[in-house]
Amino acid sequence: MISEQLKSIIRDGEGLTVEFKECRTQINRDVYETVCAFLNRNGGHIVLGVEDNGNITGIDKDALPQIKKDLVTALNNPQIINPPLYILPETINIEGKPLLYLNIPESSQVHRCKGKVFDRNEDGDLDVTNHPDAVAHLYIRKQSSFSENRIYPYVRLEDLRSDLIQRVRKMVRAENPNHPWATMTEEELLSSARLYQHDYQTGKEGYTLAAILLLGKDEVIQSVLPHFKTDAILRRINLDRYDDRDDIRTNLIESYDRLMAFVAKHLPDPFYLEKDQRISLRDHIFREVVANMLIHREYINGFPAKFVIGNNQVVAENANRPHGHGRINPSNFTPYPKNPIIARFFKEIGRADELGSGVRNLYKYTRIYSGGADPQLLEGDIFKIIVPVTPQATPQATPQATPQATPQATPEDVTNKIAALLEYCIEPRSRVEIQEFMGLKDREYFRLEILNPLIREGKLRLTIPEKPTSPNQKYYSKPKSPNHV
């Protein structure tokens, strides 16, 4: 590493992947704990000769050779770091002061420091030795093969749903009339999709976890993964519990259907044109969110996936084997397949796009749907997507927003109808009367796009303002003055 790069690391300060140690005349005892934590997490940079606040003190020149020798010896000593590793510290001079720099890689194994297991978070190194769940999750993350490839040799073809395989044939034919899966036998299709595998290391042969999750009967899925479920929750009024819920414990294909049905039931879908074609902003956004929950989840982790619709946002979260930590955006996103076989299967049946394009689409359409706000994609042991949801149509969509019964109406038509509505409401009117006057069948659309904005703008007033939700509530507009022209 050149000195300018190291200066930049020091300027940015300590964090998840950066740690400073003073070590002026000898090695701090906790250096090896940090090495262990970095190996177990995402790797990182350790700089010796720098205080916690970034002040460069340097290492005593007389002590430098021995410190360097002690580091190399300790890192190769299984009684200190186990399994051991070979790392050669690099000497770099900054401001005339010698520093030692260690670039710690992310390891494929779980390491211990003097018999203890350390993990890393933003606050530093954590001793998780006596936390079995945390240690178990480290081993899950370090598995050399994807868990979707785990073979279950006692699962038979009759444990999978033949009707789902038939449905898959129809779905791939809709995407590509000449798709080879359409004419294959069931065994050939499953083999082609890599849902039946042979492990040349262990000799095991059979259907995989991916096969069970995609096409298995419910009782087989629950037998293999008793913790498996996806919880869809509506939480707008009863914030302590829920207003609606779907506890989903079935195959991934029908899980997708039920999650999208939950979305359609509880989220608005404002009118929007793209290249003279009406598209569903809601479906474009949440097909990416739902597909991500199902495709990239770490299924052998017991954390239940959750999809929660709130007043101002939708939050989706699932167990994850992270490849990095922090917020993801299109400019810094590097596609990394978590379950490539499940991902490919979803792509073949038309439920997912190419890896990476989903993030770009999610940002693009969420900005329109939410009035300019970005979604948040947070990579960690729990992967989380937060989609902001605003009660009004977005600035981009508003000029196109129309009553659902009259999708060809223009903005001028809508403006004229609003003027007529205000004239109609000189006499107090109920919500039902106003909605019928506007010719709108969708109550949620009417409330969010017509009624609430007019109230906020002061164009409509409430007859019982102290009780906005009263069943006797009516709405009226300010009468025109006699001199109005």
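This is a predicted model: local features need pLDDT of at least 70, side-chain atom pairs count only at pLDDT 80 or more; totals for chains, interfaces and linings use all residues.

Student: How many bridges join strand 1 to strand 2, and do they run parallel or antiparallel?

Tutor: There are four bridges between strand 1 and strand 2 (residues 44-48), and the two run parallel.

Student: OK, and what order do the strands of the sheet have?

Tutor: The order is 1-2-5-4, in an open sheet of four strands with mixed pairing. Strand 1 (18-21) and strand 4 (90-94) are the edge strands, each pairing on one side only. From one strand to the next, the twist averages 25 degrees.

Student: Which strands does helix 2 lie across?

Tutor: Helix 2 (residues 31-40) lies across strand 1, strand 2 and strand 5 (97-104), and runs at about 165 degrees to strand 2. Helix 3 (residues 64-75) also packs on the sheet, where it touches strand 2, strand 4 and strand 5. The direction of helix 3 makes about 10 degrees with that of strand 5.

Student: Switching to helix 1: which residues are buried there?

Tutor: Leu6, Ile9 and Ile10 are buried in helix 1 (residues 3-12). Looking down the axis of helix 1, its buried residues fall within an arc of 95 degrees, so they line one face of the helix. Arg11 and Asp12, on the other side of helix 1, are exposed.

Student: And what covers the buried residues of helix 1?

Tutor: The cover includes strand 1, strand 2, strand 4 and strand 5.

Student: What follows helix 1?

Tutor: Glycine 13 does, and its phi is positive, near 85 degrees.

Student: New topic, the largest nonpolar core. Which residues touch the most other members?

Tutor: Leu195, Leu215, Phe286, Phe307 and Phe345 do, out of the 75 residues in that core. Helix 10 (residues 281-295) gives the largest share of this core, nine residues. At least three residues come from each of domain 2 (147-224) and domain 3 (230-388).

Student: Zoom in on leucine 215. What does it touch?

Tutor: Leaving out residues up to four places away in sequence, leucine 215 touches Leu160, Arg161, Leu164, Ile165, Val168, Leu190, Leu195, Ile253 and Phe345.

Student: Which residues does the second core include?

Tutor: That one is a separate core of 27 residues, with Ala37, Leu39, Ile80 and Leu100 among them.

Definitions and conventions
Residues are numbered from 1 along each chain as its sequence is written. Side-chain values use heavy atoms; hydrogens and water are left out. A nonpolar core is a set of buried Ala, Val, Leu, Ile, Met, Phe, Trp, Tyr and Cys residues joined through side-chain atoms within 4.5 Å. Buried means under 20% relative accessible area, exposed over 50%, partly exposed in between (1.4 Å probe, protein chains only). Domain bounds come from an automatic or database domain assignment. Contact means heavy atoms within 4.5 Å. Two strands pair if DSSP finds at least two bridges between them. Axes are lines fitted to C-alpha atoms, for helices over the stretch in contact, and angles run from 0 to 180 degrees between N-to-C directions. The arc is that of the directions from the helix axis to the C-beta atoms.
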